[in-house]
Amino acid sequence: GGQFDLQYVNATDRPTGSPTPAPTPGFFLDAVGDTIFNLVGDKMYDQGSPYALAADWIINYVPMQLGPRDANIAQRYLLAMLFFEWNGMDWTECTPTDDPNDVDCEATCYDWLYGDPFDCDKKRWLSNSHECEWLGITCPEDRSVRGLELIYNNLKGTLPTEIAKLESLQQLSLIENFISGTIPSEIGSMKHLFDIELNWNLLTVSPNIGNIPALEGIHVGENALTGPIPTEIGMLTNMGYAQWNDNQLSGPIPSELGNLRRLRELYIDNNNLSGMIPDEIGNCELMEDLWIRGNNIAGWIPDQFYDLSNMFRFWGQDNQLSGTLSPQVRKLVAMEDFTVRGNFLTGTIPSQFANLQNLTALWLHFNDFTGTTSPAFCDQLDVSLEEFYTDCGTTQPGNLPPFVNCPCCTHCCDHSSKCIEV
């Protein structure tokens with residue numbers, strides 16, 4: 001489609017500041033202009049900015065012939081502003097054309113966060129259709145925007161503070177785009193927002209999220225976030241899902257995580273985190289899936305860790321964990337995949353692992369375990385265990401004997417680099 005022939009607000013008409021009355025162009029004197037001014041203030045006069053482009057579009061083009069009394073004038077303007085902020089004319093799907101009545105477009109939709117894509121019919125942005133019908137917008141019967149989901153659509157830009165003016169927004173999903181900057185603190189005023197999905201973007205500043213009371217999920221993995229995981233995360237007592245993986249985060253795992261009694265999924269892997277696993281992790285009694293792999297986390301695994309009886313997967317590989325594994329592993333009754341490969345763990349391998357009836361994968365290699373594994377593991381191989389790795393390889397560095405004698409391992413490793421199926 002073609003570009004809009006957009007007219008900009010004259011920069012010389014910008015208000016000169018209080019207390020002098022602001023001179024404004026004639027078309028901004030109407031109530032529509034007042035509505036926009038109440039939303040974004042002087043920004044509407046910044047020539048060429050998303051704020052001015054959206055104001056010009058909604059006032060001069062008015063595909064729906066909106067008036068000042070239309071209840072959706074504010075949200076329609078805000079969405080238009082986001083369109084220009086995110087370089088909407090360069091999106092891959094459902095961009096507007098020269099004809100505002102050209103409303104229909106084919107798009108890619110998703111049933112859930114990591115679901116398979118499918119073709120769907122949507123409406124173009126900035127077209128002569130209700131904004132609730134535009135691609136990625138979800139509204140209930142009252143036609144207030146509750147969901148904003150634009151996945152893999154070549155969005156570029158930042159999250160402007162005014163996104164918080166979409167007061168009914170519950171879900172913000174901009175996965176796999178080019179959004180940079182940070183999550184603005186103003187988003188904390190959004191009382192209904194429960195899910196933020198910004199994986200695979202270019203965010204660089206760890207977000208201040210402690211004041212978003214309803215938040216149940218934050219997904220900011222695969223960005224470029226630096227700094228620590230904010231301790232304010234402990235204030236989000238409704239949090240169930242937190243993905244901070246594959247960033248450049250540093251500092252310790254905050255003990256405040258122990259306040260999140262509803263937390264089920266925590267991915268903080270592939271960062272530069274250090275310190276120890278906090279004792280308070282044991283308070284997260286609903287935890288099901290915990291990934292801390294690929295960090296610099298050291299020290300022993302605390303006894304409280306073994307209280308996570310609902311956890312089915314623990315990935316702690318490629319860290320600096322030391323000490324022994326406790327016989328309390330018997331309490332991890334839901335465990336299916338326990339991986340601590342590539343650490344400095346010592347002692348013998350607890351026989352209690354063999355009592356975990358759901359265990360399918362046990363990766364303990366590239367550590368400093370010694371001794372002989374329990375014969376009970378042989379019985380467990382017939383029940384559920386499919387992969388059992390230890391440093392039982394006959395070829396060890398320096399011609400040393402095998403670190404572990406393991407008659408029933410599925411794979412024997414050389415303590416440093418290679419594993420062989422046996």
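Predicted model: local features only at pLDDT ≥ 70, side-chain atom pairs only at ≥ 80, totals over all residues.
1. Parallel pairing of E5 and E7. Strand E5, which covers residues 156–158, pairs with strand E7, residues 178–181, in the parallel sense. Three bridges join the two strands. Among the residues involved, Thr158 has Ser180 in E7 as its bridge partner.

2. Pairing of E7 and E9. Strand E7 also pairs with strand E9 (residues 202–203), again in the parallel sense, over two bridges. Here Gly181 has Leu203 in E9 as its bridge partner.

3. Surroundings of helix H3. Because twelve of its 13 residues are buried, H3 is largely enclosed by the rest of the structure. The buried residues include Ile73, Arg76, Tyr77, Leu82, Phe83 and Glu85. The elements against which the buried residues of H3 pack are helix H1 (31–40), helix H2 (50–61), strand E3 (137–138), strand E4 (147–149) and strand E5. After the helix comes Asn87, which has a positive phi, near 50°.

4. Salt bridge Asp102–Arg124. The whole structure holds eleven salt bridges according to the search. In one of them, Asp102 and Arg124 have their closest N and O atoms 3.6 Å apart. This pair links distant parts of the chain, 22 residues apart: Asp102 belongs to the loop between H3 and strand E1 (104–110), and Arg124 to the loop between strand E2 (117–123) and E3. Asp102 is partly exposed at 29% relative accessibility, whereas Arg124, at 17%, is buried.

5. Salt bridge Lys123–Asp104. Lys123 and Asp104 also form a salt bridge, with 2.6 Å between the closest N and O atoms. Since Lys123 lies in strand E2 and Asp104 in strand E1, the pair ties together parts that are 19 residues apart in sequence. Lys123 is partly exposed, with a relative accessibility of 24%; Asp104 is likewise partly exposed, at 49%.

6. Salt bridge Asp142–Arg146. A further salt bridge joins Asp142 to Arg146, whose closest N and O atoms are 3.1 Å apart. Arg146 has a relative accessible area of 25% and therefore counts as partly exposed.

Terms used:
Residues numbered from 1 in each chain as written. Heavy atoms only, no water. Pairing = 2+ DSSP bridges. Helix = DSSP H or I, 4+ residues; strand = E, 2+ residues; numbered from the N terminus. Buried < 20%, exposed > 50% of the residue type's maximum accessible area, 1.4 Å probe, protein only. Contact = heavy atoms within 4.5 Å. Salt bridge = Lys/Arg side-chain N within 4 Å of Asp/Glu carboxyl O.
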